[in-house]
Amino acid sequence: MKIIKTIDEMQNLAKVLKREGKSIGFVPTMGYLHEGHLSLIRAARAKTDVVVVSIYVNPTQFSPNEDLDAYPRDFETDRILCENEGTDIIFCPRDGDMYHDGYSTYVEVENLTKHLCGASRPEHFRGVTTIVTKLFNIVMPDIAVFGQKDGQQALVIKRMVDDLNLPVEIIVSPTVRESDGLAMSSRNKYLTPEQRKNSPLLYKALKLAEKLVLKDGVRSSAEIIDKMLNLFHNIPGMKIDYISIVDTNSVQPVSEINSEVMIALAVFVGAARLIDNIILKPDKEV
Ligand code: AMP
């Protein structure tokens, strides 16, 4: 496994691999890897000749009041985990190289970034779409794998790739969960034992919504959101950022569920802000 730190070296190697007719699979991450990330590496491994994992905590997707400095980092463990999954290249660029002095160019997807996480993190998606575009230009992947865990991000990236005619296929891989349903996340490290005990409530709320739609035939978003909110009443230390039901195409809230929707929520739990989502088609049987 190669560890590449410079943009030139990564880009030159990608060109050589392409000339040799090798397909490149790419998994962008911010490191502190867990089973969720590893499942994406496996998905890339299964489809391509050369797997590149990037490890880069991207400063432009954090607001000044967020956890950029506290974000957990452990390169040595990440290196071992990547190697065990048969990763060919880790690309871990330095901040100063990715955003040099005078850096001025951003990629922005409109509309799809207004609601859900975009409402409480207004600069977040601009940072994500900018870094992903830069990484695509450096790694030149045929396929890039993202997690359903960040459901809005996956929809935004797909739209960007389509709108800008980027020559890469986007694969979205299912959310990997702990045995009690909590979606795996590098930020789960921030949870105290007590907070960790309450955190599966996010997935419970999503499973309740799934039952209401698919088994009980409820179609009113307000009714579903109300019942989900009720689960969080009197749970100490959990503060809802949003619970929302959006159309998967437009990422706009819907009042009635008549087509494919994403039910998504974000909850502040102590120092962590946890997110989760499911995609539902109203006519699908459970
Ligand atoms: P991050 O390092 O948190 O920026 O995530 C890098 C990639 O891993 C993103 O595409 C995430 O959606 C994906 N990912 C994070 N957690 C999970 C999970 N629990 N299951 C599946 N994919 C995940």
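This is a predicted model: local features need pLDDT of at least 70, side-chain atom pairs count only at pLDDT 80 or more; totals for chains, interfaces and linings use all residues.
Figure 1. Lysine 22 is partly exposed, at 35% relative accessibility. Elsewhere, Glu35, Arg42 and Glu85 are linked in a network of salt bridges.

**Figure 2. The salt bridge between arginine 121 and glutamate 66.** The N to O distance is 2.8 Å. Arginine 121 sits in the loop between helices H5 (117–120) and H6 (124–139), and glutamate 66 in the loop between strand E3 (50–55) and helix H3 (75–84), so the pair ties together parts 55 residues apart in sequence. Arginine 121 is buried, with a relative accessible area of 9%, whereas glutamate 66 is partly exposed at 26%.

Figure 3. Glutamate 83 is partly exposed at 39% relative accessibility, and arginine 79 is partly exposed at 22%.

**Figure 4. Strands E7 and E8.** Strand E7 (residues 238–247) has seven of its ten residues buried, so the rest of the structure largely encloses this strand. E7 and E8 (residues 261–269) run antiparallel and are joined by nine bridges. Isoleucine 240 stands opposite valine 267 in E8.

**Figure 5. A nonpolar surface patch.** Met1, Ile3 and Phe75 form the patch, with about 220 Å² of accessible area together. Isoleucine 3 belongs to strand E1 (residues 2–4) and is partly exposed, with a relative accessible area of 35%.

Definitions and conventions:
Residues are numbered from 1 along each chain as its sequence is written. Side-chain values use heavy atoms; hydrogens and water are left out. Buried means under 20% relative accessible area, exposed over 50%, partly exposed in between (1.4 Å probe, protein chains only). Helices (H or I, at least four residues) and strands (E, at least two) are DSSP runs, numbered from the N terminus. Two strands pair if DSSP finds at least two bridges between them. Patches are made of residues with over 30% relative accessible area and no salt bridge: like charges are joined within 9 Å, nonpolar side chains (Val, Leu, Ile, Met, Phe, Trp, Tyr) within 5 Å. Accessible areas come from the Shrake-Rupley method with a 1.4 Å probe; for residues, only the protein chains shown count as cover. A salt bridge is a side-chain nitrogen of Lys or Arg within 4 Å of a carboxyl oxygen of Asp or Glu.
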